[in-house]
Every structure is written in C-alpha cells, then in structure tokens.
Amino acid sequence: MVNRCRWCYGGILKGIFLFAFILFAGCGKNGETQQINDSRDADLPLEEWLGTYSFVESAPETESPGMFMSYTILIYKEGDSVCAEVSIDGQTTMAHAKAKIYGSDSWISLVFDEYYPDHTVGGFINDGHSVLISFRKEGADILTYWGTIVPMLYENEASGEMYFKKET
C-alpha cells in the first residue's frame, strides 16, 4: 500500500508540475501567448543552462549493502536546439536517454526524447514525451522538481529543494 500511494502521490505531483510548466511557458506579459519554437532567438536564454549537473545519493551501509544512485545531466547545444544527455546509474540501474529542453533563463524542463543504445533498465518511466525533471534558478541555487525521474531515497523526494550541483 505504501508503494502504491507513493506512485499515486508522484503522479499527482507530475500533473501539477506539468500544469505549472504549461501555464508559465504559455503566459506572456498582459496575457499574450508566447510560442515555443525552435528559432535561434528562443534558445538564447537556454544557453545559460549549458553544462554538467550532478547529484549522488547513497543509503547508509547499516540500512542496505551500500546502495547508491548517481545522476548526471549534460546540457548541450545541438544545432539550433538545446538538449540534455541524462544518465542515472546505480547497482540495478543504467538509464541513459536524450531529452529536449524547454523553458527560460530561470526555469527549464527536460522532456524525454529517446533512449540511448546503452540504456539498460530503470531510472524513470517513459510514458511518451514526459517531463523527466525540471530545474529552477533561485539566485545561485538550482532547485529540483522531480518528474518521471524520482530519487532513490524517500528523504530526497521533496521537490523545490537543492539536490543537483552544476559541475561545469
């Protein structure tokens, strides 16, 4: 029952974040609608996000036999688009995928695009073009909003907290 509720709770959170993303991405000044497009000017704010972001979590060895999960997100420019390479690795997880980036200079969402050939198992559920994870800048801090990617440990599942650090 606990696992089932966790996934229901996660589904509700995903819906809320997707609704918030659509609301913020679609609203402009004075109610004008902004279009998400692939033009070069639309991607300029996204270039501020280029780099490598990482987060590692581990369970104390007293609770489990050294369980860990390593999350690495490389955000890069591909032609006129900004994309991400998402890698999640642990004892039973080897998830590697490409995501498209949508957002602004202060908020981005990584939307699943395709699995890489070295993707084996776990990491996140692909239910189409779902939001894997979102980040928001608050000063120098990067806040994480979980999507279909969820942390291994319950203590890290609160969205809007600092988990990922920009490495480069």
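Q: Which residue takes a positive phi in the hairpin of S6 and S7?

A: Gly 139, with phi near 65 degrees. Two residues lie between the strands of that hairpin. Strands here are DSSP runs of E, at least two residues, numbered from the N terminus. This is a predicted model: local features need pLDDT of at least 70, side-chain atom pairs count only at pLDDT 80 or more, and totals for chains, interfaces and linings use all residues. Residues are numbered from 1 along each chain as its sequence is written, and side-chain values use heavy atoms, with hydrogens and water left out.

Q: How many bridges join S6 and S7?

A: Two strands pair if DSSP finds at least two bridges between them. S6 and S7 have six, in the antiparallel sense. Within this pairing, Ser 134 has Tyr 145 in S7 as its bridge partner.

Q: What does S6 meet in S5?

A: S5 (residues 107-115) pairs with S6 (residues 131-138) over five bridges, again antiparallel. Trp 107 stands opposite Arg 136. Leu 110 has Ile 133 as its bridge partner.

Q: In what order do the strands form the sheet?

A: Nine strands run S8-S7-S6-S5-S4-S3-S2-S1-S9 in an open, antiparallel sheet. S8 (161-162) and S9 (165-166) are the edge strands, each pairing on one side only.

Q: Which residues have the most contacts inside the largest nonpolar core?

A: A nonpolar core is a set of buried Ala, Val, Leu, Ile, Met, Phe, Trp, Tyr and Cys residues joined through side-chain atoms within 4.5 Å. Buried means under 20% relative accessible area (1.4 Å probe, protein chains only). The largest core has 28 residues, and Ile 73, Ile 75, Leu 110, Phe 135, Ile 149 and Phe 164 have the most contacts inside it.

Note on methods
Helices (H or I, at least four residues) and strands (E, at least two) are DSSP runs, numbered from the N terminus. Buried means under 20% relative accessible area, exposed over 50%, partly exposed in between (1.4 Å probe, protein chains only).
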